[in-house]
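Q: Please take a close look at one part of this model: the surface near the DNA. Then set that part in the context of the chains that carry it.

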Protein chains: 2
Amino acid sequence: MVSARGLEVLRAIVQDYVETREPVGSKSIVDRHAFGVSAATIRNDMALLEDEDLITAPHTSSGRVPTDKGYRVFVDHLSEVRPLSPAQRTAIMSFLEAPGDLDDLMVRTVRALTQLTGQVAIVQYPSFAQAHVSHVELVGLDAGRMLVVLVTDTGRVSQRLLFLPHEPVAEDLVRMRATVADLIVGRSIRDGAQAIADRLASVATGTRSPHDTVVDLIASVVAEELDEFRQDRLVMAGTANLARREADFRGSIYPLLEAIEEQVTLMRLMGEMVADEHGLAASIGRENEPFGLAEASVVAGEYDAPGTRARVGVLGPTRMDYPSNLASVRAVARYLSRLLDEDENAR
Amino acid sequence: MVSARGLEVLRAIVQDYVETREPVGSKSIVDRHAFGVSAATIRNDMALLEDEDLITAPHTSSGRVPTDKGYRVFVDHLSEVRPLSPAQRTAIMSFLEAPGDLDDLMVRTVRALTQLTGQVAIVQYPSFAQAHVSHVELVGLDAGRMLVVLVTDTGRVSQRLLFLPHEPVAEDLVRMRATVADLIVGRSIRDGAQAIADRLASVATGTRSPHDTVVDLIASVVAEELDEFRQDRLVMAGTANLARREADFRGSIYPLLEAIEEQVTLMRLMGEMVADEHGLAASIGRENEPFGLAEASVVAGEYDAPGTRARVGVLGPTRMDYPSNLASVRAVARYLSRLLDEDENAR
DNA sequence: AATTGGCACTCACTCGAGACGAGTGCCAGG
DNA sequence: CCTGGCACTCGTCTCGAGTGAGTGCCAATT
C-alpha cells in the first residue's frame, strides 16, 4: 500500500515532470522538495508507486513519469485548484465585459480562456433545445422573396430566406404568420418542431387537404431552422497552440486537429464528462481513447445560462498543468454564468 | 542562358521532387525521363539552372531542389493545368449541388476543395461591400426588445437584437422604420453607412435636435451591422492536413496554424494575388514572406458571384503539386460561379 | 520497522572513426 | 555540343568505447 509520503512523492513527480518535461529521479526529488529523507527512501516509495501503476520508467534506468492513472490520482486527491492572480481576474473581466450579442460573448470567452491557459480552448454554446419560441415574423421582400424570422426567449434569433411561387399580399402574410405562430409560439423548440411535423404529416396522410401549400412550405423551413437550434455548437480558439506544444504529444497532432475540425467528437467528449461538486471535470489521456484522443487531456467546467447549462474547457497534452488550468476554467465559467445572468435580468 | 532542354530539366526536377520528396540527381533524371542524353549533359544543364537560381543543392554533393524562383518558372511557363478526371468532376458536383443557403454552399465548397486537393482549403465569401440594402424591418418583440433585420439585394440577411428604453407602439415602429429605410434602402452598404454617420453627426454638432433618440439608437445599430457586412469573411477546412504534411514544412507549422486562426492575414494575401487570364494565381514560398508564410504556397482562383468576385484557394507546402491543385481550384471556382449564377437567375 | 549509505548494474546518450555511396565538377576526347 | 571517366565532397550509417544518471538491493543503523 502506498503511504502518505508516497502520495506526496507522486505529487512531486507530477509537478516536476510537468515543469521540466524530463523523467524525474529520486535524487532530483530530494533536491527540489524538502522531504527530509534520503534518496534511497524515496526510491523505495517510488517502487511502491510503480507497483500501483501510478508512475512508470521509460527505460530501465531512468527517472519516472506519471501514468494516466497517476495523473488521475493527482487531480482527484492531490491538487488544489490554484486561485488566479488578481491580474488574471481583471484580464478575464476586461475580455468578457464588452457589449455584443451572444456570438460575440462566446468568441471573447474562448479567447480569454486560450490566452489564460495557453491551450486550445473550447466553449459550448448554451443549449437551445429547451428554449421556447417567443416570436415568429414573416417579412415580404421584393418579388417572391420572403424572410422568416424566429426568436427564442433566450434571445437567439435566426432567419431564413425563402422563395415563394407568387408574391403574397399583406393580408396573406398576416394570416400565414398567425397560422405558423399558432403552431410554435410559446412552445419549446422540441414541441414546436413536433407540431409542425404533425401538421405536415396530416397533409401526407390525407387528413387535411393541402390547400395551403405556401404555409406548409413556410412551416417546413421553420422546422429546418428549429432543427438547427437543437444542434449544439462549439467555439474554439488557440488551435495553433497544439503545434507549439507538439513535443508534448508523443505521436502526431493530426488526430487532434482532426477532432477539432470535426467538433462533434469534442462535443460528445465534453458532454460525457462527469463533473465534481465544483462543476469541474478532467478527462485524462487514455480515458479519451474512445474519442481517438488518447494522448490528450480535457479539463472542463460548467457554466449556467438562463434555463440551461453548458461547458467551457481546454484541450491540451496529458502532461498539462492541471491545477492552473482547472482554476482558469472555473474562473471563466463563473464570470460567464454571472454575465449571462445579468443579461437575463437586464431585460 | 538556360536552353530549352534546360527548362525541361527544371520541369523534371520539380515533378520528381514533388513526387519523391528527395533531392533529384542527374542520374535519376536520365533514368526516369527520356531525355536521350547522358547524365553528364544533364549535369551541365543543372549547373546553368543553378546559376540562374532556379535550383539549389542542399549539400555540396547531393541532388538538386527547386528554389522558389524555380517553382515560379515552373508554374508560369512549364506546367499545364491538368484536367480533372470525370470522377473528380462528378464528385465536385455532388458536393456542391445540394439545397441550402449561402453559408451551406460556402462550407460545402471548402470541403470539396480540401477533399480534392488534400490541402487546407480557403473560400472567400463574396464581398457584400457593393451590395445594396434592399430591405429593413423592425420587429417588436416582448417588453422593450426589438429586432432589426437587414436584407441586401445579394440575398444576405442579418439581424440584431436591441433593447429599448420603453416599448414602442405599432405606429412608432412604422414611422421609425420609414425613417431608417429612407436613410439606407436602395443605397450601397458603403453609402448607407455614410448616410447614418451623417445623421448621427448632425445631432452631435447640434444641426438637428436629438428629439428622436430611439431612431438614433436603431440607426447606430444598423450602422454597426452594415460595418459587419463590409468585412469580408473566409471559410476554411482541412487544417489537419498541415499536420499530416508537417515534414514538408521545414520549420514548425505553428505560424501557419496561427495565420489560419487569424484569417485576416490570409484574407489580405488572397486579396493581393494577381490572377492570370484564367483567373488563376499562385503565391509561392518566400513571396509570402510579408505574411509570415515563407514556407507555404497558396494557389487561388476567382469565381464570380452576382455583382462581385471573390476567390477560392488552397494553402499547402511550397513543394506541392501545382498543376493538380490549380486544376482543382479552377474547377471548383467554375462550378461555384455557375451555381451562384443559376441561383441569381432563379429569383 | 523504517531509514540510510554503499555498490553493482543497466541503459540511453554522446562522440569519433571508418566505410559507404550518391552525386558533383571538370576535363579530354569524340 | 555531347560523353565517359575520374577525383572529390560530404552526408549518412554503423560500430564501439566512454559517460553518467538512475535504479534495485542489501547490510548496517536508528
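A: The surface near DNA strand C is most built up by α3(B), which gives five residues. This is a predicted model, and the description below should be read with that in mind.

By class, the surface near DNA strand C divides into six nonpolar, twelve polar and four charged residues.

Now turn to strand D. Around DNA strand D there are 21 residues, of which A:Gly25, B:Val37, B:His59, B:Thr60 and B:Ser61 come nearest. The elements that give two or more residues here are α2 (26-32) and α3 of chain A, together with α3 of chain B. The largest share, four residues, comes from α3(A). The surface near DNA strand D has six nonpolar, twelve polar and three charged residues.

The two chains also meet each other. In that interface, 28 residues of chain B are in contact with 27 residues of chain A. On the side of chain B that touches chain A, at least two residues each come from β4 (133-140), β5 (145-152), β6 (157-163), α10 (240-244) and α11 (254-262) of chain B. The residues on that side of chain B divide into 14 nonpolar, six polar and eight charged.

Chain A has its own strands β4, β5 and β6, and these form an open sheet in the order β4-β5-β6 with antiparallel pairing. The edge strands of the sheet are β4 (133-140) and β6 (157-163) of chain A, each of which pairs on one side only. On average, neighbouring strands of this sheet are turned by 15° against each other, direction ignored. Strand β5 (residues 145-152) of chain A is joined to β6(A) by seven bridges. Within β6(A), A:Arg160 is the residue that stands opposite A:Val148. Helix α9 (residues 213-230) of chain A lies across β5 and β6 of chain A and runs at about 145° to β6(A).

A:Gln130 lies in the loop between β3 (120-124) and β4 of chain A. A:Gln130 counts as partly exposed because it has 14 C-beta neighbours inside 10 Å. Leaving out residues up to four places away in sequence, A:Gln130 touches A:Ser188, A:Gly307 and A:Thr308. From A:Gln130 to A:Asp343 the separation is 213 residues in sequence and 18 Å in space, C-alpha to C-alpha.

Chain A contains 13 helices and ten strands. Its radius of gyration is 27 Å, well over the 20 Å that the globule rule gives for 347 residues, so chain A is more spread out than a compact globule. Along the principal axes, the C-alpha atoms of chain A fill a box of roughly 90 × 45 × 35 Å. Of the 347 residues of chain A, 39% count as buried. Among contacts in chain A between residues at least 6 apart in sequence, 61% join residues at least 24 apart.

Terms used: Residues numbered from 1 in each chain as written. Chains lettered and ligands numbered in written order. Predicted model: local features only at pLDDT ≥ 70, side-chain atom pairs only at ≥ 80, totals over all residues. Nonpolar A, V, L, I, M, F, W, Y, C, P; charged D, E, K, R; others polar. Contact = placed C-beta atoms within 7 Å. Pairing = 2+ DSSP bridges. Axes fitted to C-alpha atoms, helices over the stretch in contact; angles between N-to-C directions. Near = placed C-beta within 6 Å. Rg over C-alpha atoms; globule rule 2.2 N^0.38 Å. Buried ≥ 20, exposed ≤ 12 C-beta atoms within 10 Å, placed from the backbone.
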